[in-house]
Amino acid sequence: MDNRCKFGLLGKNISYSFSRKYFSEKFLKLGLNDYKYFNLDIPEIEEFPFLLYHKEDEFRGLNVTIPYKESVMRYLDEVDIDAKKIGAVNTIKVTDDNKLIGYNTDFYGFQKSIQPLLKKHHTKALILGTGGASKAIAYALNEMKIEYKFVSRKVAENMFLYSMLTKEIMEEHTVIVNCSPIGTHPNINESPNIPYEFLTKNHLLFDLIYNPDETKFLAEGKKRGAIIKNGLEMLQLQAEKSWEIWNS
């Protein structure tokens with residue numbers, strides 16, 4: 001296994017990637033000079049098998065980001081039980097016999113990151129967005145016994161539309177997690193379309209975005225006394241968990 005020195009991030013339009021910078025710096029610190037981390041930027045998930053073809057022996061692990069956390073699952077040999085329940089994979093381990101095993105470390109990173117901020121009244125949450133990351137957030141909230149509802153632009157079961165968010169709903173759901181990409185650099189003046197005027201000091205706003213440090217979504221919460229947190233620590237925690245999986 002020691003000759004496997006390659007790692008990568010699978011995604012689309014990922015030049016901004018947190019993972020590549022994080023792991024490249026980590027390899028440097030650990031003196032792992034042969035280790036390399038690549039951005040595997042593909043326009044369609046169907047290209048994934050060709051990407052690894054004849055190269056499996058070189059790879060030890062992959063991270064997966066938007067928009068492939070769900071669609072990559074059909075190309076894997078095995079999926080860990082948590083990732084199966086979540087329905088999304090963000091970490092892939094390549095075994096000695098070149099099997100691809102999928103894991104989800106997003107829920108772990110989120111849970112560890114938000115837990116210290118939770119108070120007794122944080123019993124209900126709104127999850128903004130319905131992509132692969134939102135599934136991991138829902139799973140973590142469930143583990144922490146926090147009820148949740150998704151907020152979406154499309155009508156679906158067990159979901160609020162953004163236009164349905166009333167003062168009552170906002171007051172009842174004191175944890176709000178942004179899993180949408182709205183507000184990411186360079187579009188820093190955008191924010192999810194929720195009624196910010198109903199936020200109070202009882203609210204906890206968590207944004208999976210980490211660039212900028214303080215999105216408009218978080219700034220609007222802060223203005224009204226809410227506790228706020230961005231996604232940087234969550235990313236660091238999930239990255240460390242990935243590293244643990246690749247080396248186990």
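Predicted model: local features only at pLDDT ≥ 70, side-chain atom pairs only at ≥ 80, totals over all residues.

Six strands make up an open sheet with mixed pairing, and their order is 2-1-3-5-6-4. Which strands stand at the edges? They are strand 2, residues 36-41, and strand 4, residues 78-79. Each has a single partner strand, so one side of each has no neighbour in the sheet.

Within the sheet, strand 3, residues 59-64, and strand 5, residues 91-94, run antiparallel and are joined by three bridges. In this pairing, N63 is found opposite T91 of strand 5.

I turn now to helix 1, residues 18-29. Helix 1 lies across strand 1 (6-11), strand 2 and strand 3. Relative to strand 2, helix 1 runs at about 170 degrees.

Finally, the helix pair. Two packed helices are described by the angle between their axes and by the distance between those axes. For helix 4 (residues 106-114) and helix 5 (residues 132-143), the angle is about 50 degrees and the axes are 8 Å apart. An angle from 65 to 115 degrees would count as roughly perpendicular and one under 35 as roughly parallel; helix 4 and helix 5 are therefore oblique to each other. Their crossing is right-handed.

Which residues of helix 4 meet helix 5? They are D106, F107, F110 and Q111, and their counterparts in helix 5 are A136, I137, Y139, A140, L141 and E143. By class, this contact of helix 4 with helix 5 comprises seven nonpolar residues, two charged and one polar.

Thank you for your attention.

Terms used
Residues numbered from 1 in each chain as written. Heavy atoms only, no water. Axes fitted to C-alpha atoms, helices over the stretch in contact; angles between N-to-C directions. Helix = DSSP H or I, 4+ residues; strand = E, 2+ residues; numbered from the N terminus. Parallel < 35°, antiparallel > 145°, perpendicular 65-115°, else oblique. Left-handed = near helix turned anticlockwise from the far one by under 90°. Contact = heavy atoms within 4.5 Å. Nonpolar A, V, L, I, M, F, W, Y, C, P; charged D, E, K, R; others polar. Pairing = 2+ DSSP bridges.
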